[in-house]
Amino acid sequence: MYGVVNKSLKEMMINQFGDERWQKVLKQSGVAADSFLSMRAYDDDVTYKLAQAAADELQIDLDDALRAFGVHWVEHTAAKEYSALMRATGADMLGFLENLNSLHDRISSTFLDYRPPSFIVDRDCASGVSIQYASERIGLTPFVEGLLNGLASWFGESITILDIRPEAVDAGEKSTFLISMQ
Amino acid sequence: MESTSGSEFWDRLLELYTVVCQIDTEGRVTAISPLVERVFGSGAIGSSLGDLFEFKRPAGFDGTYRAGAESLGELVLGYNEEKEFALRGQLHDYSTFGLDGLCLIGVPWLWWMQEKNPEHGLSFSDFPILDIQMDQLFFASAQQTMVADLEDLNAQLQLAQQQLEAEGERRQRFFGHVSHEMRTPLNGVISALTLIKDGQFDERTTKFIGLAAQSANRLLEIINFSLDTINPQLDTVNESSESFSMDSLIDDCLAITQARALEKGLRLERVGEKSFPKKFMGQPRLLKQVLINLIGNATKFTDDGKVVLSVASIDSADSDKRCIEFSVADQGPGIPEDAQSKIFEPFATGVTPQTQKSKGTGLGLNIAKRCVESMGGVLSVTSKEGEGAVFGFRLRLTEVSDRENQLLTGDTDTEAVATLSGNILLVDDDEENLLLNAQVLSSIGLKVETATSGQAAIEQAKNEVFNLILMDLDMPQMNGLEAARAIRDLPASKTTPIVALTAHADVDMKQRALASGMQGFLEKPMLRDRLPSQLGEWLELQAANTDSSFKSGDQGTNSRDPVFLSAIVERMQRDVGADVVDALVSKFLSESVGRWDTLQTALMNGDLPVVSREAHTLGSSCFTFGLQRAGNQFRQLESEARDERELTVNMEALAEDLGEGITGLEQLVQGS
C-alpha cells in the first residue's frame, strides 16, 4: 500500500492517543520505519502489522480498529489532502462511489503500482441501496465500513448499514453492504 | 467517407468533447453542448461567441467567424470571469463536413478554474475519458503531499541532529570534567608511589609498588589521551611558537632516553647534522615529546644493536625557513607491511606480535602522530619484517638570528627590550585593564587605539585598518567571539589578525575563538617583556631599546600562589608610571567592595550567572594587581559557577587572602 495509508494510521494514533502510544505501536509492530512518504509503495504487511499492533495497544478488536481508521481516513486524510478530487468525484456519497472506479482508473494510469479496490453501486436493490466492494486484499471489509460512514458524514448524509454480506471468491475479498439512506 | 447528418455528427462530437459551441458565418452561436448550457443557460443560443467568452489564445481571436477562420487548429483558451468558467479547445471548419460555420470543441480548462474558482463543482463526467487534466490534478496533489512529507521529514531529521549534537556536547563536557577530576587524585597516587619507592622493601613489595606505579602511569596516559581526544586538534593552541636551540633539545631527548638504552645494552647514536648553531622558532615541547616517544619505542623493540636518531636539514624552497628531517631507526623485529597502516591508531597494542607483547597503552604513536601533524608535518614509517623500522617526519622551521633571538627572549647582555611597530586596536570592557594594557603596549612602540565594547570595536574597524586587534573575550552584550566574527566580515579587516585576550582559556573556548576567526591567544595579565615574542608573529619587530629596568622575571603564579606578588605592581609602575598605578589601584579598591557585596548576595541567592560574572571581574583585577592567591580562587569560583558545578571555594579563606593581598598592595602603593 502507498505510504499515505500508513501515515494516516500514524496520524490517527498520535492525534487521538499521543506520541508515546504510537511509539509503543511502532515497537510492537516491528516496523522499522517511523516516517512514511505518501506516494511511496510499501509492503502491505507494514500496514497490517501496524493495524494489528494498534488494536493490541488499544485493547480493541482489529475490526474495530479498522473501522475507526476508515472514518479517520475520509475525515482527516482524503478530505484534507485530496479535497479537490473528492469534490470532483461526486456531489453525494452514492455519486462519489459511482465515480470512484473512474477515479481509481485515472490514478492507475499515473501510479503503476496502484492496486485499487472496486465498487458497484445499486441504488434500486430490494432492501434499499447495495454497494459491492471487491479487492485483491483480504481483511479490509471493516475498513470499508468505516469509509462508508466517514463518507456519509463528509457529505452531510445519514446512513445505516443494515447488513454486510461476504461473498466467496477465489482470491481477495468481496462484500456487499446493504444500506439504508435517511 | 460515408456522409453523416448534422445531428449524428453532433452526437459523435459530444461523445468526445464536453465543451462544444457551433457558430455560423455571422459569428452567432447556433448549438451548444449540455455542459455549456448548464453554465450559460439556453439563452446562449443566438448570442455571439465573443459575448460568452473572453479569449486569451490564440492572440487576436475575438470570437468572430472571420478571426476564427484564421485560427483553425490552434489552441483556444478562453474564460468567462462572471461565470467563473473556462475552456481549452480548438476551432474546426464545419464546411469540411458539409455543414455551415465553425465549431469550437474542447473541455473545461481545469487549471484556470482550480485557481480562479476552486468551488467549480465540476465532476469526472464533465471531462472526456481521454482528457488527462483530472489525472494531472491528482498527480499535482500527490506531488504536493510528497513535498510536504519530505519537508516534515527534513525538519524531524534536523531536530534529531540538534538533539544528538546537544547530547554529544553534554556528554563530552561531562567526560572532560570527569577526566580532569580523575587526573588530580591520580597525580596524588603517582606522587605517593614515587615517594614510597624510595623506601626499603622486600623484593615482593617492591615489585608490587612498581606494578602499581606502572599501572597508575598508564592510567594517567589514557586520561591525558582522552582529554586530548576531546579536543581534536590537541591542545596545541597553548603551544605558542618560541625560539629554541635544536642542539639542546636533541641533547635533552638523548639524555632522557639514554638510561633505558644502556640498561638494555643498546647504543644510542645521533647522526646527520653535527650541530645547529642558530636557533629556530617552533614548538619545542611538542617536538621533544615526539622524539622521546619515538626513541623510547625504538628502544623498547630493539634487543640488540643500536637506535639511531638522525636530524638533518634538507633543501627548502622557502628561503625564510629550513626543512629539517627527523628520523628514528631501530633494529627491532620490524613491522609487517599490512600492519603499518594500523600502528598509528589509538590502542593499537595488538597490531603486531611485538606490540601484543608490549605493555604500553598503545597511545604513544597516535599522540606522536598528532603532535607532528599539529606542527605541520606527517609522521610515517618504513619497515620490513626482521629489518627494523624507521619512523620519520619533516618540519619547516624558521631560523632566527642571534640578534632576533635576543630580541624575542629578552635574553641580552645589554638588557635590551625589543619593540614592535604597528597600529593595534585593544578591546576590553574593563576600563582599568584597558588603560593599563594600552600603556604597556604603547611603551613597546605600538600605536594603540582602544574600544570598550565589541560594538565599538566593529565601528572602529570599519574606519581604520589595524595591523592587529587584541580582543577581550568576556564582554557584556556582545562578546569577543561575536565581535571577531563581525570584524572578520568587514572587507577591510578580512586579513587583520585578531588575538583573544583572556584570563582563562580552556580548550573549548580556544576552539570557539579559532572558529570565530581569531588567530591566537594572549593571557592576562599582559607582560611587557614577553610581548615581542608573543606578538612577533603578527607585528614587525623593531630595533631594541636599552632599558635596564626590564628583565625577565617570574610574575606568574606558582604552586604556592603568593598572596601578593609585588613585582607585578612594581613592573607596572615602571611601565606606566606610579601616578597611573595609584589611580588604578584606588579605582580597583573602591569598586571591589561593591563587587564583593554583589558576589556575596549572588552566592546567597544561588544566582550562578552573577557569581560567575563577578568572580571573573574580581579575578581579573586581582591578577592585574598581583593578588595571585585570591585571583586563582576567584578563577576557580568563576569556573564552577559557569559550569554549574558544586561551589567548593572557601569564601572565608578567599576573603582573608583578598584582604591580606590588598593590604600588601596598599602598602606598596603608599610606600612608593
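Student: Where is the place of B:Pro58?

Tutor: B:Pro58 is in the loop between β3 (54-57) and α4 (65-69) of chain B. Helices (H or I, at least four residues) and strands (E, at least two) are DSSP runs, numbered from the N terminus. This is a predicted model, where local features need pLDDT of at least 70, side-chain atom pairs count only at pLDDT 80 or more, and totals for chains, interfaces and linings use all residues. Residues are numbered from 1 along each chain as its sequence is written, with chains lettered from A and ligands numbered from 1 in the order in which they are written.

Student: Is the peptide bond from B:Arg57 to B:Pro58 cis or trans?

Tutor: That bond is cis, with omega near -10 degrees.

Student: What about phi of A:Gln59?

Tutor: Phi of A:Gln59 is positive, about 55 degrees, although the residue is not a glycine. A:Gln59 sits in the loop between α3 (44-58) and α4 of chain A.

Student: Buried or exposed, A:Gln59?

Tutor: A:Gln59 is exposed, because it has 6 other C-beta atoms within 10 Å. The cut-offs: a residue is buried if 20 or more other C-beta atoms lie within 10 Å of its own, exposed if 12 or fewer, and partly exposed in between, with C-beta atoms placed from the backbone.

Student: And in chain B, where does B:Glu644 lie?

Tutor: B:Glu644 lies in the loop between α22 (628-642) and α23 (651-671) of chain B. Its phi is near 55 degrees, a positive value in a residue other than glycine. B:Glu644 has 10 other C-beta atoms within 10 Å, so it is exposed.

Student: Change of topic. How many helices and strands are there in chain A?

Tutor: Chain A has seven helices and four strands. From the N terminus on, the order is α-α-α-α-α-α-β-β-α-β-β. Of the 182 residues in chain A, 35% are buried.

Student: How do α1 and α4 of chain A cross?

Tutor: The axes of helix α1 (residues 3-17) and helix α4 (residues 62-81) of chain A come within 10 Å and cross at roughly 100 degrees. Therefore α1(A) is roughly perpendicular to α4(A). Axes are lines fitted to C-alpha atoms, for helices over the stretch in contact, and angles run from 0 to 180 degrees between N-to-C directions. Angles under 35 degrees count as roughly parallel, over 145 as roughly antiparallel, 65 to 115 as roughly perpendicular and the rest as oblique.

Student: Which residues make the contact?

Tutor: From α1(A) the contact takes A:Val4, A:Ser8, A:Leu9, A:Glu11 and A:Met12, and from α4(A) it takes A:Phe69, A:His72, A:Trp73, A:His76 and A:Thr77. Two residues are in contact if their C-beta atoms, placed from the backbone, lie within 7 Å. By class, the contact has five nonpolar, four polar and one charged residues. Ala, Val, Leu, Ile, Met, Phe, Trp, Tyr, Cys and Pro count as nonpolar, Asp, Glu, Lys and Arg as charged, and the others, Gly among them, as polar.

Student: Now chain B. How many helices and strands?

Tutor: Chain B has 23 helices and 20 strands. Of its 672 residues, 34% are buried.

Student: Which residues touch the most other members of the largest nonpolar core?

Tutor: Those are B:Ile424, B:Leu425, B:Val427, B:Ala457, B:Ile469, B:Leu470 and B:Met471, in a core of 58 residues. Helix α21 (residues 608-624) of chain B gives the most to this core, with five residues. Such a core is a set of buried Ala, Val, Leu, Ile, Met, Phe, Trp, Tyr and Cys residues joined through C-beta atoms within 7 Å.

Student: What does B:Ala457 touch?

Tutor: Not counting residues up to four places away in sequence, B:Ala457 touches B:Leu425, B:Val427, B:Ala451, B:Met471, B:Ala483 and B:Ile487. A second, separate core has 41 residues, including B:Leu266 and B:Phe393.

Student: Last one: how many residues does the contact take from chain B and from chain A?

Tutor: It takes 17 residues from chain B and 20 residues from chain A. On the chain B side, helix α6 (residues 133-197) gives the largest share, 12 residues. The residues on that side divide into 10 nonpolar, five polar and two charged.
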